Amino acid sequence: MYKQASSPKSIRSLEDALLRCQVLGMRVSRQRRFVLELLWQAKEHLSAREIYDRLNKEGKEIGHTSVYQNLEALSSQGIIECIEHCDGRLYGNISDTHSHVNCIDTNQILDVHIELPDDLLRQVEAQTGIKISEYTINFYGYRQQPSD
């Protein structure tokens, strides 16, 4: 049975992220907490600029440099996800292995945890000669319009 890798150290909640910071000896400053809280509330992938704008709009004053430094530190330690996107880097709250659904008309990226059938993975292994240990998939599509 194949499974998308989910390490025992998966970060699936704000509490997990804060605990990982402490375990790694990272200071959980007010600004770092603001960034993490926003990513878990937003439940979407955001650019550094969007994070900066949203935090300041909420009255949580934080500078551009502080946002970038915190995002870099958190993503380099595997606490948050960083995706290279055509518009630049986007940051998300889940750092374990998962796939993405890319909405073409809204430019939104959604996280999805899926498991491919064993026979499909065996077929990929047979074609490539590589034993699959984990995988991520990028799906692309348009928002479905509600039927009238």
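**Exercise 1. Thr 97**

Task: Decide whether Thr 97 counts as buried or exposed, and find how far apart Thr 97 and Ser 10 are in space.

Solution. 
Step 1: Find the place. Thr 97 lies in the loop between β2 (88–92) and β3. Helices (H or I, at least four residues) and strands (E, at least two) are DSSP runs, numbered from the N terminus.
Step 2: Apply the cut-offs. Buried means under 20% relative accessible area, exposed means over 50%, and partly exposed lies in between (1.4 Å probe, protein chains only). Thr 97 has 17% relative accessibility, so Thr 97 counts as buried.
Step 3: Look across the chain. Thr 97 and Ser 10 are 87 residues apart in sequence, and their C-alpha atoms are 8.7 Å apart in space.

Before you go on, a word on the model: it is predicted, so local features need pLDDT of at least 70 and side-chain atom pairs count only at pLDDT 80 or more, while totals for chains, interfaces and linings use all residues. Residues are numbered from 1 along each chain as its sequence is written, and side-chain values use heavy atoms, with hydrogens and water left out.

**Exercise 2. The whole chain**

Task: Work out in which order the elements of the protein chain run from the N terminus on, and what share of the residues is buried.

Solution. 
Step 1: Count the elements. The protein chain has five helices and five strands.
Step 2: Read them from the N terminus on: α-α-α-α-β-β-β-β-α-β.
Step 3: Turn to burial. Of the 148 residues in the protein chain, 39% are buried.
Step 4: Take the dimensions. Along the principal axes, the C-alpha atoms fill a box of roughly 55 × 50 × 25 Å.
Step 5: Check the contacts, where contact means heavy atoms within 4.5 Å. Among contacts with a separation of 6 or more, 52% come from residues 24 or more positions apart.

**Exercise 3. Two helix pairs**

Task: Describe how α1 and α2 are set to each other, then do likewise for α3 and α4.

Solution. 
Step 1: Recall the method. Two packed helices are described by the angle between their axes and the distance between the axes. Axes are lines fitted to C-alpha atoms, for helices over the stretch in contact, and angles run from 0 to 180 degrees between N-to-C directions.
Step 2: Sort the angles. Under 35 degrees counts as roughly parallel, over 145 as roughly antiparallel, 65 to 115 as roughly perpendicular, and the rest as oblique.
Step 3: Take helix α1 (residues 14–23) and helix α2 (residues 30–42). Their axes come within 10 Å and cross at roughly 150 degrees, so α1 and α2 are roughly antiparallel to each other.
Step 4: List who meets whom. Leu 14, Ala 17, Leu 18 and Cys 21 of α1 make the contact with Arg 32, Arg 33, Leu 36, Glu 37 and Trp 40 of α2.
Step 5: Move to helix α3 (residues 48–57) and helix α4 (residues 64–76). Here the axes come within 10 Å and cross at roughly 125 degrees, so α3 and α4 are oblique to each other.
Step 6: Name the partners. Ala 48, Arg 49, Ile 51 and Tyr 52 in α3 meet His 64, Val 67, Tyr 68 and Leu 71 in α4.

**Exercise 4. The sheet**

Task: Find the order of the three strands in the open sheet, and say which strands stand at the edges.

Solution. 
Step 1: Set the rule. Two strands pair if DSSP finds at least two bridges between them.
Step 2: Pair strand β3 (residues 99–103) with strand β4 (residues 109–112). They run antiparallel and are joined by four bridges, and His 100 stands opposite Asp 111 in β4.
Step 3: Pair β3 with β5. Four bridges join these strands, which run parallel, and Cys 103 stands opposite Gly 141 in β5.
Step 4: The order is β4-β3-β5, and the pairing is mixed. β4 and β5 (138–141) stand at the edges with a single partner strand each, so one side of each has no neighbour in the sheet.
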